[in-house]
Amino acid sequence: AVIPYKEILQMYWEKATSFVNAQCNGLEPWQLIGLTFSSTLISVWLHGFLFQSESLTSRTKKQFFKLLRKMPFIGAIIQKKIDEALNDVTSSLSFLKDEKDYIKALPEKGMSQPEVLEKMKEYSSKDVRWQDGKVSGTVYSGEEKLTHLLVKVYEEFAWSNPLHPDIFPGLRKMEAEVVRIACTLFNGGPNSCGAMTSGGTESILMACKAYRDLAYERGIKQPEMLVPVSAHAAFDKAAHYFGLKLIHIPLTKAMEVDVQAMRRAISKNTAMLVCSAPQFPHGIMDPIEEVAELAVKYKIPFHIDACLGGFLIAFMDKAGFPLKRPFDFRVKGVTSISADTHKYGYAPKGSSVVLYSDKKYRSYQFFIAADWQGGIYASPSVAGSRPGGIIAACWATLMHIGESGYVEATKRIIKTARFLESELRKIDSIFIFGKPEVSVLSIGSDTFDIYRLSNFLAAKGWNLNVLQFPSSIHLCITQLHTKSGVAEQFLKDVKDSIEEIMKDLNAKTTGMGAIYGMAQSVPDRSLVAEISQAYLDSLYSTDVPCSEKHMNGSPGHH
């Protein structure tokens, strides 16, 4: 049965070779060599042009808009609009409205301690009153007794540095215990391990770096990671920093990652799969078990980003709010988890953990320079020197609150979140995205511009997160929102604001809401990036503002 096919193939092969020979008839050897050489170069260039970390479509769009901006008449119009948007952004940033001069050089003579403390009070007095519970996320505890404890702990370890474990062995022990406690919380086995980092972004970066290097070792030259569009932007940053190709996976109507779309996107270059538990924009838990099955089937590392809610979901079962699906190392196929101790772990800012199911994965995270003249340099994460005071304060927080404290805090937060969700769903003209199980409620509207609601609430002292694609705002519930009357006040202010909005549905959206609305409609995303760069530049501004122009709205969280 094989012989006829063999004869057919041989016939086609002879035809092909005869055709090629006919085309080359009359060519001299040097011409054949030149054609071969040039065609090889063209093939290599074409492969490099088509197969890059950024898609051809994206690069073509960028080039088109770049050329468009260089056209005399059109470019001038675009630049004028950009300048207007930049002015709108800078004028709407409340933290720039400081009438006093900035300190731009060292004082000739050092201040006394009382003088420094007085000056510090002047600066801290500018802060928003987050203690009132009107801020989304940001401060997750703020409990006064815990604050006093952390100040004492930091004082004890202010000069310590985990880069020198021989000098600060107690600090090394603390860090190791924080990691082991986290491994236990997320049901890691005896080979589970991890490291402390400066925050969720670094935890995510470390996992991506580890899997990139593992992919290189496996012979994958252009590693790809499959990431839900709802996953944290830190994955975009990791792709940018580490030369990974980021493939965004769409969501279902329930705002969960589309498992079938992820399955179709898997290729020989896939270095890691990603799910969130929960994701930041809408507070939805991704279908981790289903994606884990893909990870096992195709032998791909699988990372769970639990940076936001990790230290809530770990206690929800004992708090009486069991999740519908498992999410941690109990799920076969999950190889790493990131979780922020400085969010619902209630430790001070600057601490997070990245955990692995096995030490073989963590080894790819490490950096070692074996030939440096200064000695063998080895570091577990991005930073070399790290603030020991933050590590010690994180350890102290875990020890002080204990399991029972975390369970009680989780109970209060989830109870408040469920109450708010239930009441918000009763309000006409707004809706809640998906079925959030943890602490984030994302609000949208098919009746009016949801950014107007954000502006109205900002005028009432609320500071919510402004989201895009689709337009929405969200409240991340913390311990501060569980205080008596806070949730009720939020509901009242939402209802009152909507009542005002409904009086004039055609009113123009102003402030940051208008900027976000404009940003979503701009096809040239480089323009949005340019405006965002202006925001980042403003963080380091020491120029006294010359205008008192005001825009209604809140800068939100970026």
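Helix α6, residues 144-157, runs for 14 residues and covers 20 Å between its first and last C-alpha, close to the 20 Å expected at 1.5 Å a residue. That expected span is 1.5 Å times one less than the number of residues, and helices here are DSSP runs of H or I at least four residues long, strands being E runs of at least two, both numbered from the N terminus. The model is a predicted one, in which local features need pLDDT of at least 70 and side-chain atom pairs pLDDT 80 or more, while totals for chains, interfaces and linings use all residues. Residues are numbered from 1 along each chain as its sequence is written, and side-chain values use heavy atoms, with hydrogens and water left out.

Which residues of α6 are buried? They are Leu146, Leu150 and Val153, where buried means under 20% relative accessible area, exposed over 50% and partly exposed in between, using a 1.4 Å probe and protein chains only. Looking down the axis of α6, these buried residues sit within an arc of 65 degrees, so they line one face of the helix; the arc is taken from the directions from the helix axis to the C-beta atoms. As background, an α-helix has 3.6 residues a turn, so residues three or four places apart point the same way. The buried residues of α6 pack against α14 (388-424), contact meaning heavy atoms within 4.5 Å. The other side of α6 has Glu144, Lys145, Val151, Lys152 and Glu155 exposed.

Turning to the strands, β13 (residues 472-476) is mostly covered, with five of its five residues buried. Ser472, His474 and Cys476 are buried on one side of β13, and Ile473 and Leu475 on the other. Strand β11 (residues 440-444) runs antiparallel to β13 and is joined to it by four bridges, with Ser442 opposite His474; strands count as paired if DSSP finds at least two bridges between them. Strand β12 (residues 465-467) is also antiparallel to β13, through three bridges, and Val466 stands opposite Ile473. The hairpin of β12 and β13 has four residues between the strands, and there Phe469 takes a positive phi near 50 degrees.

Thr478 counts as buried because its relative accessibility is 0%. Setting aside neighbours within four places in sequence, Thr478 touches Gly137, Val139, Tyr140, Tyr344 and Ile413.

Elsewhere, seven strands make an open sheet of mixed pairing, ordered β1-β7-β6-β5-β4-β2-β3. Its edge strands, β1 (193-197) and β3 (245-249), each pair on one side only. On average, neighbouring strands of this sheet are turned by 20 degrees against each other, direction ignored. Within the sheet, β6 (residues 336-339) and β7 (residues 352-356) pair antiparallel over four bridges, and Ser338 stands opposite Val354. Helix α11 (residues 288-298) lies across β4 (270-276) and β5 (302-305), at about 170 degrees to β4; axes are lines fitted to C-alpha atoms, for helices over the stretch in contact, and angles run from 0 to 180 degrees between N-to-C directions.
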